[in-house]
Amino acid sequence: MNFRKLLRRNETVLIFAIIIFSLVIGSRSPEFFTAANLFDILRSSFVQLLFALGVLIVIISGGIDVSFPIVGIFAGYTAVVIMRKYDLNEESLLIPVVLAIVIGVILGGFNAIAIAGFGIPTLIATLGTAGIFRGLMLSFIGATFISNIPVGLDNFSTADLIKFESDAGTLVRLHVLVIPVAIITVAVSYLLNRTIFGRSVYALGGGIESTRRLGISIKRTQAKIYMLVGGLSGLAGIIYVSLQRKASPYDLAGSELDVIAAVVLGGASIMGGYGTVFGTVLGVLFINMMKNNLVLLGVSSSWQRAAVGVLLVIGITIQAIGENRKSKRERLAADQDKE
Amino acid sequence: MISTTTLSYSVENIVKSFGGAKALSGVSMSVSSGEVHCLAGENGSGKSTLIKIMAGVHSPDSGLIRLADKEFPQLSPRQAVQEGVQVIFQDFSLLPNLTAAENIALPTYIYENSKFISKRATLKIAQEAIDLIGVDIDITLPVSEISIASKQLVAIARATNLGVKMLFMDEPTTALTRKEINRLFEVINQIKARGVATVFVSHKIDEIQEICNTITVLRNGEVVADGLMKNFGPKEISQAMTGQDVLTTFISPPLISASQNVIELSCITAKPAFSDISFSIAPGEILGVTGLLGSGRTELAEAIFGKYQIESGEIKVDGVKMPLNSPKAALKAGIGYVPPDRLTQGLFLDQSILRNLVAVGLDSYKSRWGALPQKNLSQAGDKWISELKIKTKNSANPVTSLSGGNQQRVVLAKWFATNPHLMILNGPTVGVDVGSKREILEIIRDRANAGMAFLLISDDIPELIQICHRVITIKNGRISKEFSESELNETQLYKELN
């Protein structure tokens, strides 16, 4: 790959953006370049990254999922409720995690039925199911805040891989989650690049009719995608509950903006067919870095959401401009061919 | 894998109808290995239906598919691939976001039921496939970044990779230049030498004659002619396709005498495209304009319509001076302009005949309140159906229920719906098969007979001779010569152009 092509890649642009942003904030406040701040950014990125990996898969396939935050909190909250109701082992971390993933896959299955089974456009289908899931959760599972979550989950929130006191006297902590999240990230990358299922996801985003003619089952691929996203969201949901040390059914709703913005900024094409795990990781880090540190620049926290919205629009605009240039280049090439 | 014995692939008595309309009524065709067979026919003759049956997309109502020594009442897509039947559709069905290598190799993985994919194996499969057809393309590039000709070679490499025995190519030369067509033909000859039975679907007579050994001609879902290519000349083929003798008839209508010209151009100049162009067109007259690519003919057409900046000169429409450089003014003065390709790709296939007819001039059917009363629409629709003699019982039927020729009439009616005094047609028959071409020319003639003036810009010399009252040739942006109807002949025109 030549240098100019490398420059044109979204990931490169994003790395530069991250560097510039760091330098600007770092020059204003020296705290920025500390391990404590870095680990804080990581900690706030875990849940988002898990959501984002799911959303990345959906976006590559040419669809969109806006139900994932609700699926996440539904799974996380319900897992806690089940633990309490059936007096399951308080100490266990595995039981709630598995419960949440299973619930996530089941909810993703409903999305799959709506999308692959009935052929409902993905945005409308997931918008609808998000409303249904939320309503079901609040009316049948519970609408109250649970502050004493099972001990296993509670302890996990402080399970640190590295923990020491810095020279300045602040506590520096790197959460153990960095390992499983890294493994899952690599696994999703492997899934997308090295398996036929992963390539089918890209194929689907490239064109439905052409994919069908390749002999790939559209419905089966879509069903797998939405169930996988459900599972990832369920996992993200229970981890969120654990890190927050409380389970509130009203949480996470509205967080889709941050996640979708991160994925799109990371170079996934909203039209489908393009996107990388590396780009998504960078996108998530960038968004969290910005959200955590805008305060250091003197920007009030109420502007954070607007800032993320602006980033989303910028990300899509860059894509649109690139798309225009590309089609212009193609047309030019085609015209020259004809002469 | 050169086979020594000749195998035969055939269909027998295939019947297929779609909701009452018969697409194929008892079609039989046979292709031997190592042969290039031409499947010719106009749009709507049943070619695509037959191809889709062979690809396993449609199943026939009755009939038999015989592949070597096996017989099938119908094929599933998977069966088709397993038996070595491959179709290269007109759009190639490639995935633009994946590399050429992946596009070639993916079907192999899927066919072998693999779960995993490796970059090295992908490149190896693809390189072998590319080498097999003896071409050189960079297979590491995404398909969106390679030329149309290369895309086609990728599609061929993909098809031939899976042990192809019978290969269908649906209008493979449509988007190619002559040089690329030559390369394609080399590839086809390679495939042929390996014993593949190739079916070449096309309506371009010169290409058919160049590459094919045998031919089957379809018309209205029936085989109307078949046999060895050498027994068919261009005339026989076009006659079989259309059922008419189309190549030689002169069909320009008698000229109506009128005192007032529809349009008068004096000394129109728009450098560097053209300068000092003057001519006039009378009501009911068809004026042809021809010239080489880059001679300024397209710019001239667009300039009259106000889309290309004119520097000096004057245009009078019906004796009234028209403001220059404004498409709005041109439309108001009664000038219509149809750019190239529009006559071939102008139908909303899943909409009704009526809706297709009124699609262009929607504004003119508006009521005072901006609504679109059904009454206005159906009135206009009925008018065009009777004026253009479109054969249908009900204008609410889908436009696909019409035959190819009648569909062509609907396309044209759409553009006539605004009732221009002067219609500028730029390349109206580019890429149209012989039968539809005749339909287009006949409709132009009918409208001219009714008093509409035409400016016809075309490369197609025989067509200009067939229909025009006068032809002017443009060279380097200037009118080089004007031919009156009696002076029109092919050799003179070609000589003037080159």
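## A mixed sheet in chain B

Six strands of chain B form an open sheet with mixed pairing, in the order S16-S17-S18-S13-S19-S20. The model described here is predicted. At the edges of this sheet lie strand S16 (335-338) and strand S20 (478-484) of chain B, each of which pairs on one side only. On average, and with direction ignored, neighbouring strands of the sheet are turned by 20° against each other.

The pairing of S16(B) can be followed in detail. Strand S17 (residues 422-426) of chain B runs parallel to S16(B), and four bridges join the two. One residue pair illustrates this: B:Ile335 has B:Leu422, in S17(B), as its bridge partner.

## The contact between chains A and B

On the side of chain B, 22 residues are in contact with 21 residues of chain A. The greatest contribution comes from H3(B), with five residues.

By class, the side of chain B that touches chain A comprises 13 nonpolar, six polar and three charged residues.

## A covered helix in chain A

Helix H12 of chain A spans residues 256-265 and is mostly covered, with nine of its 10 residues buried. The buried residues of H12(A) are A:Glu256, A:Asp258, A:Val259, A:Ile260, A:Ala261, A:Ala262, A:Val263, A:Val264 and A:Leu265.

After H12(A) comes A:Gly267, which has a positive phi, near 100°.

How values were computed:
Residues numbered from 1 in each chain as written. Chains lettered and ligands numbered in written order. Predicted model: local features only at pLDDT ≥ 70, side-chain atom pairs only at ≥ 80, totals over all residues. Buried ≥ 20, exposed ≤ 12 C-beta atoms within 10 Å, placed from the backbone. Contact = placed C-beta atoms within 7 Å. Nonpolar A, V, L, I, M, F, W, Y, C, P; charged D, E, K, R; others polar. Pairing = 2+ DSSP bridges. Axes fitted to C-alpha atoms, helices over the stretch in contact; angles between N-to-C directions.
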